[in-house]
Amino acid sequence: MCGLESREHAPHDRMSRAEPIAQTPPWWSRAHGRLEDFLVAYFCMEFGVDELLPIYSGGLGVLAGDHVKSASDLGLPLVGVGLLYRDGYFRQRLDGDGRQQEAPQPVDPEALGMTHETTVSVELGPDTVEAAVWRHDVGSVPLYLLDAPGLTDGLYAGEREHRLRQELLLGVGGVRALAALGVEPSVWHLNEGHSAFLALERLRREELERVRATTVFTTHTPVPAGNEVFDQELVARYLGEDILELGRWDGGGFGMTPFALRVSGHANAVSELHGEVARGMWAGIDTPIGHVTNGVHPGTWTAPELEDAGDLWEAHRLLKARLVERAGLDPELLTIGLARRFATYKRAGLVFSDPERLFSLPVQIVVAGKAHPADESGKDLMQEIVALSRGSDRVVFLEDYDMGLARVLVQGCDVWLNTPRRPQEASGTSGMKAAMNGVLNLSVLDGWWPEGYSPEVGWAITGADDAADAEELYRLLEHEVLPAYADRERWSAMMRASIEQLAPRFSMHRAVVEYVERYYLAAHRSARR
Ligand SMILES: *Cc1c(COP(=O)(O)O)cnc(C)c1O
């Protein structure tokens, strides 16, 4: 994929590991291979394909990368479109005070084996910007990445106007790039609202009705403040007054989610619970919102060591050894993983709310995660946890959470902890990665977990507020999790049940097949009409 042969598991190895559903011929040609001219263009502001290409910040990007990889495994005709951030998403270091410091991680497309395909220009207000279009192959799926000096420097960096210009480049420039390359999609998928300006470019040639019929929009954000909004005045300055009506919503300003919904005939949320929340949030807009529960790419996230493992517990011990060595922990203690973006609703501090009670238990915790560079309260919370870790041999903070560290964590912990404030976690995919590796989930019943949870595969936290959730978390650790861990037979049976029951259901292959059968085929048929 990108000339990285020296790595322990080159991305190419992860791609090509056979999945039962990805046989030869692959699923697509067996199921729908006779369809002509079918092609999905999948747009996203970030793609997490590999840690060596740091153009993703977290869950959204990793999901997009997994979508593209499963499309490749399934033989689905799809191209990805995104931006190439020359400074990468930041590398995290902790300073002497335990506070996050950020450094760039430069991305060099040529060194990564990308090819320069064409150049497009996009008018941004009074300026015209020229963008290079790079091609990065992910298995059989081409990913086209736009790169404009001064504009695609950083991911989620800069002022609102800078962000608007980036989104215009992605949407408008992305459509132009595909046209310049002779790529003709029949289906357009907006993964989050950031790329919705692509509809503007399409509206220059096609009727709104036709644009809608061929566009699928996936919303990811049940937190109202997480839905991106621009000042109307700013949008009008770039795009004129007429467009404002399409982004109107109760919260004021130009909302990218309402805009994306109005230009899409098909829309979905990313878990069953999130579907209910999203339908409530956007009830005033006609587009019906269904749900396709997220999944994760098995070849990327499942430890090869677990394949054909005769003794699951022994295989797990080896994976755990790799983690505890890196973290300087005790291989015998129950090891809990807590890897989160430090956003308030994720409540990374909940498990530490009563340190005395926590440290009276034979457990150790590995924490990782970045805070958004501008999120001072997220950084404050992180600093508190780092201070705790510096005063204890039972808590370790591992710096610079990325896909590589995520793999070590979701494969090497015993328990995966997730304590968001319900119902603010749309899906949460790290728990799915853990489940596929027999790492047992202990989680608030939010996001995907109401669909995945049963007492055979993990534990559910169901308190009514922060204090009740913390109490239930400690009670579960004391009375359920630790006694189960002390009984190797029982623990191994739960690990096996987690893998057998959850791995197929939360595989990205299942999710991509659902996108095809619920949305892509319908959109494709309208394109052909
Ligand atoms: C999977 C993943 C995420 C998303 O996990 P959540 O459960 O949504 O927090 C974020 N960052 C990285 C690096 C990941 O691999």
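The side chains of Glu 167 and Arg 163 meet in a salt bridge, with an N to O distance of 2.8 Å. Please keep in mind throughout that what we are looking at is a predicted model. By the rule applied here, the count of salt bridges comes to 32.

From that pair I would like to move to the overall layout. The domain assignment gives a domain 1 that is written in several segments, namely 11–82, 136–143, 154–296 and 508–528, and a domain 2 that runs over 298–505. Between the C-alpha centres of domain 1 and domain 2 the distance is 30 Å.

How many residues of each domain take part in the contact between them? On the side of domain 1 there are 29, and they are in contact with 32 residues of domain 2. The area that domain 1 and domain 2 bury between them is about 2,300 Å², and 57% of it lies on carbon and sulfur atoms.

The elements that give two or more residues to the side of domain 1 touching domain 2 are helix H3 (59–74), helix H9 (272–281) and helix H19 (508–528). Sorted by class, that side of domain 1 has 12 nonpolar, eight polar and nine charged residues.

Finally, the ligand. Which residues come closest to the ligand? Of the 14 residues that surround the ligand, the closest are Lys 346, Ala 406, Thr 429, Ser 430 and Lys 433. Lys 346 places a polar side-chain atom 3.2 Å from an oxygen atom of the ligand, and Ser 430 likewise has a polar side-chain atom 2.5 Å from a ligand oxygen. For Thr 429, by contrast, it is a backbone N or O atom that lies 3.2 Å from an oxygen atom of the ligand.

Note on methods
Residues are numbered from 1 along each chain as its sequence is written. This is a predicted model: local features need pLDDT of at least 70, side-chain atom pairs count only at pLDDT 80 or more; totals for chains, interfaces and linings use all residues. Side-chain values use heavy atoms; hydrogens and water are left out. Domain bounds come from an automatic or database domain assignment. Contact means heavy atoms within 4.5 Å. Buried area is the accessible area (1.4 Å probe) that two parts lose on being put together, summed over both. Helices (H or I, at least four residues) and strands (E, at least two) are DSSP runs, numbered from the N terminus. Ala, Val, Leu, Ile, Met, Phe, Trp, Tyr, Cys and Pro count as nonpolar, Asp, Glu, Lys and Arg as charged, and the others, Gly among them, as polar. A residue is near a molecule or strand if one of its heavy atoms lies within 4 Å of it. A polar contact is a pair of N or O atoms within 3.5 Å; within protein, one must be able to donate a hydrogen and the other to accept it, and residues adjacent in sequence count only if both atoms are side-chain atoms. A salt bridge is a side-chain nitrogen of Lys or Arg within 4 Å of a carboxyl oxygen of Asp or Glu.
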